[in-house]
Amino acid sequence: MASNEIHTPVLLERCVALLAPALTKPGAVLVDATLGMGGHAEAILARFPELTLVGLDRDTEALAIAEERLKAFAGRVHLVHTVYDGIGEALDGLGISEVAGVLFDLGVSSLQIDRVERGFSYSKDAPLDMRMDGTAGLTAESILADYSERDLKRIFQDYGEEKLSARYAKAIVEARETTPFVRSAQLVDVITKATPVAVQRLGHPAKRVFQALRIEVNSELAVLERAIPAALDRVQVGGRIVVMAYQSLEDRIVKRAFAAASGSTAPAGLPVELPEHKPLFTLLLRGAELASDEEKAFNPRATPVRLRAAERLRRAAA
């Protein structure tokens, strides 16, 4: 199946509209920090014929698919195998100091969800892998085998916001004493049995546990904490950054970073804001923008998205 048949980019038109004022400038460079299968990248390259794109992804399978998809734009595309907190090193390696735009489409990708063997879905039995980068070492299986009950509880609570984290951690530790966890169906079975029937009616009991394991395997939140400031630092004056997040933990990190970049640094009580205290960025949206009902109907994966965008106003004085 062609890549454009298995991947529908989320909020494509909205992202293009927000980035467009920056991408029309001569010599513009856009970093697609979460390239995936190249859906957003393909559309943006087609609409901005002078644009150079730097595509980052930790998933080697996604990079291979994107490379094939973007062949028509080969002279304007640079693909880099890296986690998105490596944006600075990637640009340095290409001799690029500043960029006109940065796009983040966070969370698990369509490719990773749809490839059952990757183990991201609780609805299909598969090996407990969950690595976005298949060359990395840590897997969900190793976490379930090696983490203490206390650490399992912590990640379920912190990364899954799971109210039954203690119950699930205890059930997992007890179950692994007789049978190691190697398949997702095993984990789903243990979680389901540990979940009160009344709670099961509220949604799939494994959803938050799987989210927590995926975040831990891929260090997603720690990476994001570094990546957003690193990306903001590379945006040129008049350049823009657009971020799509799909759960509250991600969005909170983005919101804090954008708030810090768009706030005045003037000391409290100062009667006049000096130029050096003025914000470096301005927010382009009031809060987080959600997908329209039409977008959700067209692309159900857009349902939880939270979109934020900012534009650089000035550089800090050296």
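Predicted model: local features only at pLDDT ≥ 70, side-chain atom pairs only at ≥ 80, totals over all residues.

Start with helix H12 (residues 207-218) and helix H13 (residues 220-234), whose axes cross at roughly 55° and come within 6 Å.

On the H12 side, pick Arg214, Ile215 and Asn218; they meet Glu220, Leu221 and Val223 of H13. Colour this contact by residue type and you get 3 nonpolar, 1 polar and 2 charged.

Next, the sheet. In what order do its strands run? Across this open sheet of 7 strands, read E3-E2-E1-E4-E5-E7-E6, with mixed pairing. Select strand E3 (77-81) and strand E6 (281-283): these are the edges, and each has a single partner strand, so one side of each has no neighbour in the sheet. Look along the sheet for the twist, which averages 15° from one strand to the next.

To find one of the pairs, click Phe281, whose bridge partner in E7 is Arg312.

Two helices to finish. Helix H4 (residues 60-69) packs on the sheet, where it touches strand E2 (52-57) and E3, and its direction makes about 170° with that of E3. Then select helix H14 (residues 248-261), lying across strand E5 (235-245), E6 and E7; relative to E7, H14 runs at about 20°.

How values were computed
Residues numbered from 1 in each chain as written. Heavy atoms only, no water. Pairing = 2+ DSSP bridges. Helix = DSSP H or I, 4+ residues; strand = E, 2+ residues; numbered from the N terminus. Axes fitted to C-alpha atoms, helices over the stretch in contact; angles between N-to-C directions. Contact = heavy atoms within 4.5 Å. Nonpolar A, V, L, I, M, F, W, Y, C, P; charged D, E, K, R; others polar.
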